[in-house]
Amino acid sequence: MRNREVLALVAFSLLTMTEAGNVLVCKDIKDCNTCAESYIHILGFKEDCRWCLETQSCGGPISCPIGKPVIQKDPFKCPTPYKPSAGKRYTDALGRSLFAISTAVRDSNVTACLRNVRPDISFSRSYEVECDGSGNLCKGIIAKSEEAKALYVAYKGSTAGKQVFAEMLHGLTAQLGAWEKFESQDAGVINYFHTAFYRLFIDSGMEDDLMDLMKKHKNYRIWLTGHSLGGSLASMTALHLVKKKGVDKNRVRLITFGEPRTGNIAYAKEVEENVPFRYRVIKRGDPVPNMPAPLNPAVLTAAQYNRQAMHYRYLVHYDNNMGKGDGFNVCSVADDLGCRNTALSNLADHTSYFQIDQDDFVRNHCPRHELI
């Protein structure tokens, strides 16, 4: 055997004896999960394999066209097929109905607003607290519909100005890995959301009242919803109910609108594991769901990567004005990779879901025909 062949065999043996994930070439891998867990060595440096979503192929650092979505380091981001079935799918009518409830929270007279837009709701109770040190308010409601056999928990979205600035500031620190632990050792959420959740849902008595209602209506589903900040509080509530209060996860229904990245990667995984019915609705150029932005995984260590912000599945993307009859797509990839153009940024899209201005809507006494 020639020396060159001996050296080749030795090199091959050394490579195949290393830890799992070390491969000779990335391009031979044919599935996303394996690709995302694999890596190669180039001139002594470890390089992740990348799964290119557009070409559905695995390759090295420059294998995917620049600017195209790639998946690396974590198979969690790989597509999980969306299999809609009766009672588990998102519909436009369902989204409008839940958005009506989350919008009603903005009204000083929630009961009157709900009576107009959702007359089947026979009971509601409001909760409002200062959710930060600047005196900004957070608000939520619990409501009940005997007709729908449902309990609703809805949260008000952010107030423009100081509250939005405070959220952005805390989002920047989270981007650097400063998360507040939430319901597990690894899962973390933005500090602002953590404080708001405990002040509003736990300390105000909202949780106790909800648990009492759930005991009285054991066959009712629990719907959780909210817009923007309210969406983050809704997703946290859903996870809290299942993990800490022992609520059957099949009773819980989560639909949020314009929700920012609430937590880190472990949080996204926890939500997916514990809340099977979950949808994040996003309008075309809404910039809020892009925040806080995760850093490029190519320049991160494994520990740094795990501290990055991430969305849970499933994204419901309206690439239009969300008028009646407009269509939508449901994304099967975590964090919306390739499912929407995150370069689009139009703040008006954040404040005009389903073509209504929420403040004008409540000012006009919540006219049902405008939304449902």
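Colleague: At what angle do helix α6 and helix α8 pack?

Modeller: This is a predicted model, in which local features need pLDDT of at least 70, side-chain atom pairs count only at pLDDT 80 or more, and totals for chains, interfaces and linings use all residues. Residues are numbered from 1 along each chain as its sequence is written, and side-chain values use heavy atoms, with hydrogens and water left out. Helices (H or I, at least four residues) and strands (E, at least two) are DSSP runs numbered from the N terminus. Axes are lines fitted to C-alpha atoms, for helices over the stretch in contact, and angles run from 0 to 180 degrees between N-to-C directions. Here α6 (residues 191–202) and α8 (residues 229–243) pack at about 65°, with axes 10 Å apart. Since 65 to 115 degrees counts as roughly perpendicular, α6 is roughly perpendicular to α8.

Colleague: Which residues of α6 meet α8?

Modeller: Contact means heavy atoms within 4.5 Å. Among them are Phe-193, Phe-197 and Leu-200 in α6, while those in α8 include Leu-233 and Met-236.

Colleague: How is a pair of aromatic rings described?

Modeller: It is described by the distance of the centres and the angle of the planes. Rings of Phe, Tyr and Trp (its six-membered ring) pair if their centres lie within 6.5 Å; planes under 30 degrees apart count as stacked, over 60 as edge-to-face and the rest as tilted. The structure holds 18 aromatic pairs. The rings of Tyr-82 and Tyr-279 have centres 6.1 Å apart and planes at 85°, so this pair is edge-to-face. Tyr-82 lies in the loop between β5 and α3, and Tyr-279 in strand β14, 197 residues apart.

Definitions and conventions
Parallel < 35°, antiparallel > 145°, perpendicular 65-115°, else oblique.
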